[in-house]
Amino acid sequence: EQPSPSPPSTCGSTHIPDVTHLRPGEDLGLRCDYGLLFGAAEADGLFRQLEDEVEYFEGELTKLHVFGKWHSIPRKQVTYGDPELTYTYSGVTFSPKPWIPVLNRIRDRIALHTGHTFNFVLINRYKDGCDHIGEHRDDERELVPRSPIASVSFGACRDFIFRHCDSRGKNATRHIKPIKLQLAHGSLLMMKYPTNVYWYHSLPTRKRVLAPRINLTFRKVMTLAGK
Ligand SMILES: O=C(O)CCC(=O)C(=O)O
């Protein structure tokens, strides 16, 4: 069977190539690699372990600040990482919980596979297709300049959409087609510089998805010394 030449777009496909380099024809600053990091059996085990061992934020940390109002986030969230680091997202500053073995195992596998090390992870849990994340870019000020973000997914396959900053909403200045991926169980999406400068990303609602999904974005956050 020949590897698919186009970006992987079906979780149901029998063949997902090891790595797909996502590069639209014109250079629009999208630099991403996508592929499976874990086989199905290992991914199943990791998913179960994450379900048992990850403790999500509660209370105030489950709200976010958008256009002057506080809203409950439409998913569960938590951060783990090296002590002393903080990360601000939509008006909320998160302090990470200390690393646990299952997260270190995933982090080590990414390092082995990509050569990149990470000191922080943001975990999002979507209980079903009603849970989602709106269009955003990841806050560059807190990330080590030009560092990549490694996004690992487990559980239900979900659509993930990149939209170029010049083609958003009523004030769009260009017509650039959004790029839609389906992030499969056990997959890794490496988002490399300058993707996060030019492209917003989102995980829209998908009412027909009934199963949960866990996404982990491993990041290199600046230490106090670097800020
Ligand atoms: O769940 C996902 O795939 C996206 C998560 C995300 O957008 C983020 O962590 O910034």
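Reply: Helices (H or I, at least four residues) and strands (E, at least two) are DSSP runs, numbered from the N terminus. The model is predicted, so local features need pLDDT of at least 70 and side-chain atom pairs count only at pLDDT 80 or more, while totals for chains, interfaces and linings use all residues. Residues are numbered from 1 along each chain as its sequence is written, and side-chain values use heavy atoms, with hydrogens and water left out.

The shell around the ligand holds 14 residues, and Tyr 126, His 136, Asp 138, His 201 and Arg 213 are the closest; a residue is near a molecule if one of its heavy atoms lies within 4 Å of it. Four strands, β8 (120–126), β9 (133–136), β14 (199–203) and β15 (213–219), each give at least two residues to this shell. The largest share, 4 residues, is from β15. By class the shell has 6 nonpolar, 5 polar and 3 charged residues. Here Ala, Val, Leu, Ile, Met, Phe, Trp, Tyr, Cys and Pro count as nonpolar, Asp, Glu, Lys and Arg as charged, and the others, Gly among them, as polar.

Next, the distances to ligand oxygen atoms. A polar side-chain atom of His 136 is 2.8 Å from an oxygen atom of the ligand. For the side chain of Arg 213, an N or O atom lies 2.8 Å from a ligand oxygen, and for that of His 201 the distance is 3.1 Å. The protein covers 99% of the 290 Å² of accessible area that the ligand has on its own (Shrake-Rupley method, 1.4 Å probe).

The ligand takes up the space of the largest cavity, where a molecule sits in a cavity if more than half of its atoms lie within 2 Å of its grid points. A cavity is a set of points, on a 1 Å grid over the protein atoms alone, where a 1.4 Å probe fits but cannot get out, and lining residues have an atom within 4 Å of a point. The largest cavity contains about 140 Å³ of space, a volume being the space filled by probe spheres set on the points. Its lining is made of 15 residues, with Asn 124, Tyr 126, His 201, Asn 215 and Thr 217 closest to its centre. At least two lining residues come from each of β8, β9, β14 and β15, and β15 supplies the largest share, 4 residues. The cavity lining divides into 6 nonpolar, 6 polar and 3 charged residues.

Note on methods:
A polar contact is a pair of N or O atoms within 3.5 Å; within protein, one must be able to donate a hydrogen and the other to accept it, and residues adjacent in sequence count only if both atoms are side-chain atoms. On a 1 Å grid over the protein atoms alone, a cavity is a set of points where a 1.4 Å probe fits but cannot get out, and a pocket is an open set with protein on both sides within 12 Å along at least five of seven lines; lining residues have an atom within 4 Å of a point.
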